[in-house]
Amino acid sequence: MRKLLMGLRTSIKAISLFAVCSIIIITIVMSVYKPIYSVSLNGEMIGYCKDKAALQSKIFNYIENGNEENVAFVDISNMPEYKLCFLKRGIETNDDEIYEKVIGTGTTFYRYYAIALDNEEKLYVATFEEAESIVNGLKEKNSENVEQLSILQKNVTEKLELTDKDTAISNLYKEKKVVVPKSGGSVQVAKMGSGYKDAGITFKKPITATITSRFGSRWGSNHKGLDFGAPTGTSIYAAASGTVTYAGWNSGGFGYLVIISHGNGVQTLYGHCSSIITKVGATVKQGDLIAKVGNTGRSFGSHLHFEVRINNVSYNPEYYL
Ligand SMILES: [Zn+2]
């Protein structure tokens, strides 16, 4: 009986000692070594990887971004296969080499934006914002072809030559012809009104510019409008909705002139324009672009001459703006 107890005690001691030793050994091994993976690509063994998570994330990052500019994505058709292998002594890992081999099988797709004219691709830029700013630049310059322009996204496997914004605008710009009415058309000379007369409608300032000359007597004569000084090409907008009743050259001194009739004998005039972006008979809404500032006719310096007429009498536009 005693012998039996002794024997049991000895074996319990031995088992405990073995367990403790094993835990210590495993702990040491785990802290020194990491699991190692053998890696194959298309069935071919290409090496051993020390840090699978890092290698994977590096590969995914490459797929999303590539390592050049304008990469849309990289197509890697065959991803590597990993197999855990147990602590082989003296195994050399080659994570970097595996990475290079894997990305070497990829096809890079580049993303560009094409500006097309009537669906024919004319030039390429790197971002959508850039393409948009070129189209907006052409709109601002009132290029004749803005309606035919479009922006297309391109994913291509070859690199394309890019065009910078200024070059793009000057290559695509097409000047709008100034509208000159064939029949000339005459403009009645208006009388000079004094005081305020109700026009029955609300006007909006036709231009973003400062007043350089007011309504009233000037240099011994009467100035029947309001002058806004602004660089040639500045946009002029309809002060109120109406119908264009004159759009063309005026030999009386207004140069290129637009007249809009707003009904009930109310008219607005826009003189000395460099170009006209509307035509006789057109219906315009308040704020529509109708012309560009110029220095045509009897004008000394680029400006807009703006008049408000009621029953062919000119009133001080400042009453109405
Ligand atoms: Zn004037």
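Helices (H or I, at least four residues) and strands (E, at least two) are DSSP runs, numbered from the N terminus. In these terms, Asn-119 is found in the loop between strand 5 (107-117) and strand 6 (120-125). The structure is a predicted model, in which local features need pLDDT of at least 70, side-chain atom pairs count only at pLDDT 80 or more, and totals for chains, interfaces and linings use all residues. Residue numbers start from 1 along each chain as its sequence is written.

**Domains**
- The protein chain is assigned domain 1 (34-105), domain 2 (111-172) and domain 3 (191-319); such bounds come from an automatic or database domain assignment.
- The centres of domain 1 and domain 2, taken over C-alpha atoms, are separated by 39 Å.

**Positive phi at asparagine**
- Most residues other than glycine have a negative phi.
- Asn-119, although not a glycine, has a positive phi of about 65°.
- Asn-119 is exposed, with 9 other C-beta atoms within 10 Å. A residue is buried if 20 or more other C-beta atoms lie within 10 Å of its own, exposed if 12 or fewer, and partly exposed in between, with C-beta atoms placed from the backbone.
- Asn-70 also is not a glycine and has a positive phi of about 65°; Asn-70 lies in the loop between helix 2 (52-65) and strand 3 (71-75).
- Asn-70 is buried, with 20 other C-beta atoms within 10 Å.

**Helix 4**
- Ala-131, Ile-134 and Leu-138 are the buried residues of helix 4.
- Seen down the helix axis, these buried residues fall within an arc of 60°, so they line one face of helix 4; the arc is that of the directions from the helix axis to the C-beta atoms.
- The face turned away from the buried side carries the exposed residues Phe-128, Glu-129 and Asn-136.
- Just after helix 4, Asn-142 takes a positive phi of about 60°.

**Strand pairing**
- Strand 1 (residues 36-41) and strand 4 pair in the antiparallel sense over 5 bridges; two strands pair if DSSP finds at least two bridges between them.
- Val-39 stands opposite Tyr-82 in strand 4.
- Of the 5 residues of strand 4 (residues 81-85), 0 are buried, so strand 4 lies largely in the open.
- An open antiparallel sheet is formed by 3 strands in the order 13-19-17.
- Strand 13 (235-237) and strand 17 (275-276) stand at its edges with a single partner strand each, so one side of each has no neighbour in the sheet.
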